[in-house]
Amino acid sequence: ASRGVTSNASASELSATVGRVAATKEKWAALPAGQKALLLGEMVEIFSAMDHEAWARDSLVAQGYDAVQPEILVATEMITNTKIIGSDLENLVDVFATLRDTGAPP
C-alpha cells in the first residue's frame, strides 16, 4: 500500500485519522525516550520514501492551482514540505536519542 499523500482523502477520513492520533497521546507520552526515537526514525524512513511530487501537487490544488501547476511552484512546494517536516522529524529523533543516551535534554 502506498504511504504517499493522496488527494482522495476526504475531510471525514482526515478527521478520523486525527482522532485516532489524539486518542493515543497518553500512550505516546508514556513511551520511553528510546522507543520514541525508534518510532520517529521509522517515520523518517517512511517520509523519505513518500511521493513528494504528488504531495506538492496536492498542496498546490489546495491552494487553488488545480487547472495549471507551474513546475517552479511544484519544485518550491517539494522543497518547502520536505525541508520543514524532514528537519522537524530528524530533530525529534536527535532529541529523544539524546534523552535515551544521557537522560538529559540536548
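Residues are numbered from 1 along each chain as its sequence is written, and the side-chain values use heavy atoms, with hydrogens and water left out. Since the model is predicted, local features need pLDDT of at least 70 and side-chain atom pairs count only at pLDDT 80 or more, while totals for chains, interfaces and linings use all residues.

**Exercise 1. Find the aromatic pairs in the whole structure and describe the geometry of each.**

Step 1. Rings of Phe, Tyr and Trp (its six-membered ring) pair if their centres lie within 6.5 Å; planes under 30 degrees apart count as stacked, over 60 as edge-to-face and the rest as tilted. A search of the whole structure on this basis gives two aromatic pairs.

Step 2. One of them joins Trp28 and Phe96, whose ring centres are 6.2 Å apart with 85° between the planes, which is an edge-to-face arrangement. Helices are DSSP runs (H or I, at least four residues), numbered from the N terminus, and strands are runs of E of at least two. Because Trp28 lies in helix H2 (residues 25-30) and Phe96 in helix H5 (residues 71-102), the pair ties together parts that are 68 residues apart in sequence.

Step 3. For burial, a residue is buried under 20% relative accessible area, exposed over 50% and partly exposed in between (1.4 Å probe, protein chains only). Trp28, at 33% relative accessibility, is therefore partly exposed, whereas Phe96, at 15%, is buried.

Step 4. Phe47 and Trp55 form an aromatic pair that is likewise edge-to-face, with 5.9 Å from centre to centre and 85° between the planes. Both Phe47 and Trp55 are buried.

**Exercise 2. Describe how helix H4 packs against H5, and which residues take part.**

Step 1. Axes are lines fitted to C-alpha atoms, for helices over the stretch in contact, and angles run from 0 to 180 degrees between N-to-C directions. H4 (residues 52-62) and H5 pack at an angle of about 110°, and their axes are 8 Å apart.

Step 2. Angles under 35 degrees count as roughly parallel, over 145 as roughly antiparallel, 65 to 115 as roughly perpendicular and the rest as oblique. H4 is therefore roughly perpendicular to H5.

Step 3. With contact taken as heavy atoms within 4.5 Å, the H4 side includes His52, Trp55, Ala56 and Ser59, and these belong to a group that meets H5 residues including Leu73, Val74, Asn81 and Ile85.

Step 4. Ala, Val, Leu, Ile, Met, Phe, Trp, Tyr, Cys and Pro count as nonpolar, Asp, Glu, Lys and Arg as charged, and the others, Gly among them, as polar. By these classes the contact of H4 with H5 has seven nonpolar, four polar and four charged residues.

**Exercise 3. Locate Tyr65 and state its surroundings.**

Step 1. Tyr65 sits in the loop between H4 and H5 and, at 35% relative accessibility, counts as partly exposed.

Step 2. Leaving aside neighbours within four places in sequence, Tyr65 is in contact with Leu60, Pro70 and Leu73.

Step 3. Gly41, in helix H3, is 24 residues from Tyr65 in sequence and 33 Å away in space, C-alpha to C-alpha.
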